[in-house]
Amino acid sequence: MEVLREQGEEEEEEKEAFVISDELQDLEEKLSKIQVHIPNVVSEFDWSSIDTSQLPASYKTNSAKEQMLLQLADNFHRQYAHLCPDREPLFLHPLNECGVEKFVSTTVRPTLQPYPEMYNWDGCAQFVSDYLTMEPLPSPITPPNYLPSPTTTLKYQRGNCFGFSVLLCSLLIGAGYDAYCVNGYATREICMMDETREVCPLLKKSKEILKEEVKEKAKKYAVKPPRDLRSKFELQQAAKKEAGIEAAEEKKQKEEEERIMESEKPKPDPLYGLRVHAWVLVLSGKREVPESFFIDPFTANSYSTTDDHFLGIESVWNHKNYWVNMQDCWNGCKDLTFDLGDPVRWEFMLLGTDKPLLLLPEEEEEELADEDFDDFDKEEEEKGFDMPSSWVEPIQISHKGTRVLEVKEWFKNREDMVNMRQLNKKTEVTTEYFSPGHVQGLKAHIYKTMDPETERTMEFYSETRVDGLQKRVENAQEMTEYFEGRSDFLHYRHTMFGKRTKRPQSLLVNTESNARPIVQIKEQFHRNPEKPADEDVAERIFMVLEERIMLTYHCKDDYITASKKEFIKRKDVDNKGNKIIMTSDMCISYQVGSFEKNKKLLHLYEMMLKLMEAEKQLRHQVWESETEVLEILKIREEETAASKLTVSMYDTERNEKSKQQRETMERLMQEERQRQVEQDLDYLAPFLIQMGSTEKMSKWQALRLKEDCLSDFKHRLIDKANLIQARFEKETQELQKKQQWYQQNQLSMTLEDEDAYLTYCSDAMFRIRILEIRLNRHKELAPQKYIELEEKLCKDPRLAEYLKFYV
């Protein structure tokens with residue numbers, strides 16, 4: 001018998017091992033079926049896809065003089081590369097928008113604009129910065145292979161730093177400035193237009209002129225002020241105390257500012273000194289410019305030629321010549337001399353330059369004969385080559401580019417849930433858009449003024465409202481409300497108001513007594529399929545002043561007219577106090593397609609009483625709608641004045657409530673950890689409770705307990721994997737929707753929109769990558785955790801005695 005028992009135990013052990021292996025295999029198969037696919041980010045604007053069919057011939061071909069200029073440029077570049085093999089290749093003749101090589105100097109098109117705002121350099125720079133959208137270079141360490149014309153840059157309102165600089169240089173030269181395009185190197189903040197650490201221009205306070213106070217002459221018969229009886233010592237001590245408090249606050253504020261500056265200090269740039277950038281150089285002399293300076297075309301800010309943001313210059317050019325910098329830039333641009341007539345420091349390409357060469361010293365000048373010098377000048381003039389005229393058409397900027405028609409503002413993290421505000425300068429109409437979560441369920445608010453009983457439109461998130469209100473349009477004479485998803489099938493309500501006999505002192509205090517008098521209320525209903533068409537009301541009109549009620553029913557099938565009823569209200573009693581009986585002339589009825597007799601007067605009388613009660617309720621609902629409008633206006637004024645921001649619960653520096661909550665949570669977590677240390681977590685407790693008494697446990701019960709515990713753990717592992725997968729799919733779908741939105745709106749997007757889109761894509765890809773890593777790691781660790789739990793169960797003292805033959 002014992003031999004048979006041992007054989008049975010071995011068979012059960014093999015069976016249990018087989019079951020466990022099947023469970024593991026099943027778990028691995030389910031986890032392996034979960035796949036992830038990372039979407040691709042939408043590419044940026046493609047310059048190769050623009051329409052060039054309407055461009056003139058000068059954009060698509062080169063003249064004989066331009067071809068000769070390109071040959072001279074190639075020869076100049078070969079000599080330069082031979083003499084300076086360590087220098088980067090020069091930016092001489094990139095491709096234009098038609099794929100034709102054009103010398104960079106001929107791309108500059110000096111044009112004077114007929115607008116007073118663009119007669120000065122700051123106006124031109126501000127226009128270029130505001131009107132164009134910034135594009136980063138394809139490679140941060142090399143110049144681009146293409147350079148479109150300034151007219152194409154204006155047409156598509158976008159470009160990189162070279163396109164910005166050529167357009168700005170063309171405008172400045174046209175305005176009379178001695179301006180040049182610069183190809184050089186700058187810091188990461190300048191190249192990427194990173195102004196996060198700059199002071200907001202709106203926060204910069206203008207210098208106020210302090211006016212000297214005019215001392216009034218003491219009047220001869222003025223009343224003398226009362227004598228100050230306060231202790232001077234106490235006043236001195238109080239002043240010292242206040243001074244000490246102010247000094248401590250200033251010190252604390254200074255330390256806080258230093259700490260913030262240190263925390264916001266940018267990380268080291270691995271490409272420092274290698275980032276290519278283009279900007280504009282304005283030399284002194286013309287237009288009464290006292291000192292040469294740089295202009296960054298991205299931000300329209302001016303900088304000194306010794307500024308630390310600019311780290312070196314390769315070359316400069318204008319519409320007449322091209323110069324190569326031969327000076328050492330080890331100290332950035334601080335030690336550079338911008339005398340383009342110095343052939344030692346600046347190597348020019350064409351001899352026909354308007355920059356005079358440096359004069360020779362007097363001793364050497366006397367040694368040269370006048371005849372030889374004149375002959376040399378004549379020989380050089382004969383060998384000179386003039387720069388061809390620009391192949392670019394004149395730059396034309398329409399007046400629409402200088403007139404503000406619309407202002408849009410985008411917001412984040414506001415307590416009033418406003419995410420965008422749009423102001424139409426032409427109509428002076430303001431539109432505010434709200435994210436879900438506003439107190440009144442507000443979605444959009446369109447208005448000219450915040451005064452009550454003026455023209456406005458309010459849109460709501462109807463799914464968050466009990467009444468299903470979708471939109472409310474109001475002015476001084478009427479109010480229209482639109483509904484959806486209502487059980488009574490109401491979708492439209494229109495109220496007409498009359499003039500008040502006496503205007504209340506304040507419109508913000510709305511009571512039914514001072515509410516606007518109602519002239520008429522019209523309601524429309526969708527079709528209710530549970531009722532016959534000639535009994536289902538489609539429209540009802542309450543003519544309050546005329547004391548009439550008109551009902552229009554839905555059309556029956558195969559009919560083109562609808563049934564109608566009109567009730568004429570009368571008082572319940574006459575002047576003598578006698579009760580008025582319902583008469584046939586109080587209800588005018590038209591029944592379509594029915595030959596039955598009219599309904600009895602009692603039925604019509606009851607219907608009229610119900611309609612009169614409905615009218616009373618409707619008037620109250622209209623008053624509630626007016627009250628709600630006033631309440632929303634009051635709330636919006638308070639929210640706009642306060643302009644509070646929502647602070648994340650994780651931002652402990654700004655959110656005191658979150659800080660207290662975090663400290664409380666940490667204390668509770670510490671207490672929970674302490675309890676867990678004192679009382680070890682029992683993973684078998686839930687299953688032992690279900691089983692009841694465990695004093696006498698059979699082998700079958702022990703095996704069942706083990707199987708239940710492993711099965712529950714397996715389901716939790718699978719559920720966790722599915723949860724990560726669901727989050728991954730959600731993030732992927734949201735990113736794809738954002739990419740589709742970008743494709744549809746990329747031509748009309750502003751720089752802030754593109755920055756926000758790129759930031760969103762970067763954050764979304766980061767989250768997707770993290771979820772992918774978590775899912776893969778979970779797949780790898782899940783079988784291992786399953787095996788570890790199985791080993792713990794087998795070694796548990798409560799089960800080890802029963803499972804020793806199955807291990």
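View 1. W317 is buried, with a relative accessible area of 1%. F91 has a relative accessible area of 5% and is therefore buried as well, since the cut-off for this class is under 20%. The rings of F91 and W317 form a tilted aromatic pair, with 6.0 Å from centre to centre and 45 degrees between the planes. Distant parts of the chain are linked by this pair: W317 belongs to strand β7 (residues 310-317), whereas F91 lies in the loop between α2 and α3 (104-107), and the two are 226 residues apart. The model shown in this and the following views is predicted.

**View 2. The aromatic pair of Y59 and W391.** The structure holds 17 aromatic pairs. In the pair of Y59 and W391, the ring centres are 5.0 Å apart and the planes stand at 85 degrees, so the arrangement is edge-to-face. Y59 is located in the loop between α1 (2-32) and α2 (64-83), and W391 in the loop between α10 (370-383) and β10 (406-410); the pair thus links distant parts of the chain, 332 residues apart. Both Y59 and W391 are buried.

**View 3. A cluster of aromatic rings.** W279, F294, Y303, F310, F338 and W346 are joined into a cluster by ring pairs.

**View 4. K738 and the rings of W741 and Y760.** K738 places its charged end over the ring of W741, at 4.5 Å from the ring centre. K738 also lies over the face of Y760, where the distance to the ring centre is 5.5 Å.

Terms used. Residues are numbered from 1 along each chain as its sequence is written. This is a predicted model: local features need pLDDT of at least 70, side-chain atom pairs count only at pLDDT 80 or more; totals for chains, interfaces and linings use all residues. Side-chain values use heavy atoms; hydrogens and water are left out. Rings of Phe, Tyr and Trp (its six-membered ring) pair if their centres lie within 6.5 Å; planes under 30 degrees apart count as stacked, over 60 as edge-to-face and the rest as tilted. Helices (H or I, at least four residues) and strands (E, at least two) are DSSP runs, numbered from the N terminus. Buried means under 20% relative accessible area, exposed over 50%, partly exposed in between (1.4 Å probe, protein chains only). A charge sits over a ring if NZ of Lys or CZ of Arg is within 6 Å of the ring centre and within 35 degrees of the ring normal.
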